[in-house]
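Thank you all for making time this morning.

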Amino acid sequence: MGIQLMGLAHAKQKLQRTLSGRVGNALATSNVPKGHIAVYVGEGNRKRFVIPISYLNHPLFQDLLNRAEEEFGFNHPMGGLTIPCSEEYFIGLTTSLNCS
């Protein structure tokens, strides 16, 4: 339980650094229900997805967060969290997380 909370705290900290001080932050969070976050996924044209915050604690999703940090640092071009993977992979991942 403590490890999961540490993972969630780490993911939340990365997310706060990503979104803090951004003009696009208001755009990235508009129309997002409480307990969810907007992310941008895809190569080239990025598609916006709204996902539950609970996904941030999953190890596979944390791998995506680490890849996002490596590729974009904390300057995401869409004004929100940009995930560097294909749309198909992301949909597959979120579908499996939704079923578990």
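Predicted model: local features only at pLDDT ≥ 70, side-chain atom pairs only at ≥ 80, totals over all residues.

In the hairpin of strand 1 and strand 2, five residues being written here as 5 residues between the strands, G42 takes a positive phi near 125°. When I say helix or strand, I mean DSSP runs numbered from the N terminus, with at least four residues (H or I) for a helix and at least two (E) for a strand. Residues are numbered from 1 along each chain as its sequence is written, and side-chain values use heavy atoms, with hydrogens and water left out.

Let me stay with the strands. Strand 1 and strand 2 pair in the antiparallel sense over 6 bridges, where two strands count as paired if DSSP finds at least two bridges between them. Within this pairing, Y40 stands opposite R48 in strand 2, and V41 stands opposite K47 in strand 2. On strand 3, the bridge partner of V41 is I83, and strand 3 runs parallel to strand 1, joined to it by 3 bridges. In general, strands of a sheet pair through backbone hydrogen bonds, either parallel or antiparallel.

So what order do the 3 strands take in the open sheet? The order is 2-1-3, and the pairing is mixed. Strand 2 and strand 3 stand at the edges with a single partner strand each, so one side of each is left without a neighbour in the sheet. Strand 1 is mostly covered, as 5 of its 6 residues are buried, and buried here means under 20% relative accessible area, with exposed meaning over 50% and partly exposed in between, for a 1.4 Å probe and protein chains only.

Now to the helices. Helix 3 lies across strand 2 and strand 3, running at about 105° to strand 3, whereas helix 4 lies across strand 1, strand 2 and strand 3, running at about 15° to strand 2. These angles run from 0 to 180 degrees between N-to-C directions, and the axes are lines fitted to C-alpha atoms, for helices over the stretch in contact.

Which residues of helix 4 are buried? They are F90, L93, T94 and L97, and they cover an arc of only 95° around the axis, which puts them on the same side of helix 4; the arc is that of the directions from the helix axis to the C-beta atoms. The face turned away from this buried side carries the exposed residues E88 and C99. The buried residues of helix 4 pack against strand 1, strand 2, helix 3 and strand 3.

One of them, L93, is buried with a relative accessible area of 4%. Leaving aside its neighbours within four places in sequence, L93 is in contact (heavy atoms within 4.5 Å) with L60, F61 and L64. L93 and F61 are 32 residues apart in sequence and 8.0 Å apart in space, C-alpha to C-alpha.

Finally, a word on confidence, given by pLDDT, the predictor's confidence in each residue from 0 to 100. The mean pLDDT of the protein chain is 78, and 65% of its residues reach 70 or more. Among the elements of the chain, helix 2 has the lowest mean pLDDT (48) and strand 2 the highest (93).
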